[in-house]
Amino acid sequence: MSKEFQLISNVSPGSSGWTVKVVVAEKFSPRIAQKSPTKYQNLILMDTEGSTVQATLYGQNITAFQDQLTLGNTYLVSNAMVKITNPEYRAKSGEVQWIISGRTKIRKLSSKLCIPTDEKDFTEIKNIQGLKTVKQFFWIKGKASVTVLNQTYWYMSCNNCNKISSENYGDIYHCVFCKCLEAQAIPR
Ligand SMILES: [Zn+2]
């Protein structure tokens with residue numbers, strides 16, 4: 001039995017002939033690697049179940065893909081190189097990393113984030129705590145009301161342990177809380 005698309009969790013090193021439907025959930029600025037002059041750019045891709053994977057572009061591929069993998073857009077990605085992440089650099093997005101190169105097939109599906117059309121794809125706020133599966137992203141329907149006007153809605157945090165950080169968005173740093181050497185500062 002073959003399914004049209006796989007999920008991020010179905011793809012492991014050595015998998016072939018796979019296609020995953022993903023949304024670009026984060027796109028960081030290109031960086032220079034610490035120990036070599038190589039430029040790299042990290043992205044966080046999210047599948048239809050809300051699982052995420054870190055994808056990385058290197059060198060010339062950064063420019064080649066700059067207009068293709070844009071934040072919030074949905075793509076079909078096939079045949080990225082799947083690599084086990086160095087545990088030292090492992091972000092919370094899991095044990096594998098996708099390397100996007102000229103051999104990776106990428107097809108754009110829509111111009112914006114797909115909001116589910118089916119009621120069952122939304123999670124009720126009251127049920128989130130009791131969910132058995134740990135997911136990072138949920139679709140919820142809610143009404144936001146502001147009671148304290150000068151409150152802050154987010155803070156810069158470590159992408160590995162969520163603890164507060166004084167770094168700038170996208171910066172790589174050594175997190176003093178979780179000891180991650182390549183923590184990335186992301187808003188939470
Ligand atoms: Zn941390």
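Ala-55 is in contact with Leu-43, Leu-45, Ala-80, Trp-98 and Ile-100, leaving aside its neighbours within four places in sequence; two residues count as in contact if their C-beta atoms, placed from the backbone, lie within 7 Å. Ala-55 also belongs to the largest nonpolar core, which has 19 residues, and together with Val-22, Leu-43 and Leu-45 touches the most other members. A nonpolar core is defined as a set of buried Ala, Val, Leu, Ile, Met, Phe, Trp, Tyr and Cys residues joined through C-beta atoms within 7 Å. At least two residues of this core are supplied by each of β1, β3, β4, β5 and β7 (96-100). Strands (E, at least two residues) and helices (H or I, at least four residues) are DSSP runs, numbered from the N terminus.

The model is a predicted one, in which local features need pLDDT of at least 70 and side-chain atom pairs count only at pLDDT 80 or more, whereas totals for chains, interfaces and linings use all residues. Residues are numbered from 1 along each chain as its sequence is written. The mean pLDDT (the predictor's confidence in each residue, from 0 to 100) is 84 for the protein, and 89% of the residues reach 70 or more. Among the elements, the lowest mean pLDDT, 86, belongs to strand β8 (residues 105-110), and the highest, 93, to β5. Where pLDDT is low, predicted coordinates should not be read in detail.

Strand β3 (residues 39-46) is largely enclosed by the rest of the structure, because six of its eight residues are buried. A residue is termed buried if 20 or more other C-beta atoms lie within 10 Å of its own, exposed if 12 or fewer, and partly exposed in between, with C-beta atoms placed from the backbone. Pairing of two strands requires that DSSP find at least two bridges between them. Strand β1 (residues 19-27) pairs with β3 in the antiparallel sense over four bridges, and Val-24 has Leu-45 in β3 as its bridge partner. Strand β2 (residues 31-32) runs antiparallel to β3 and is joined to it by two bridges; here Ile-32 is the bridge partner of Lys-39. The hairpin from β2 to β3 passes through six residues. Seven bridges connect β3 with the antiparallel strand β4 (residues 52-58), and Asn-42 is partnered by Thr-56 in β4. Five residues lie between β3 and β4 in their hairpin, and Gly-50 in the turn has a positive phi of about 90°.

An open sheet is formed by three strands in the order β9-β11-β10, with antiparallel pairing. Its edge strands, β9 (156-158) and β10 (172-173), each pair on one side only.

Lys-179, in the loop between β10 and β11, has a phi of about 70°. Lys-179 is exposed, since 11 other C-beta atoms lie within 10 Å. Asn-79 lies in the loop between β5 (74-78) and β6 (81-84) and has a positive phi of about 60°. With 18 other C-beta atoms within 10 Å, Asn-79 is partly exposed.
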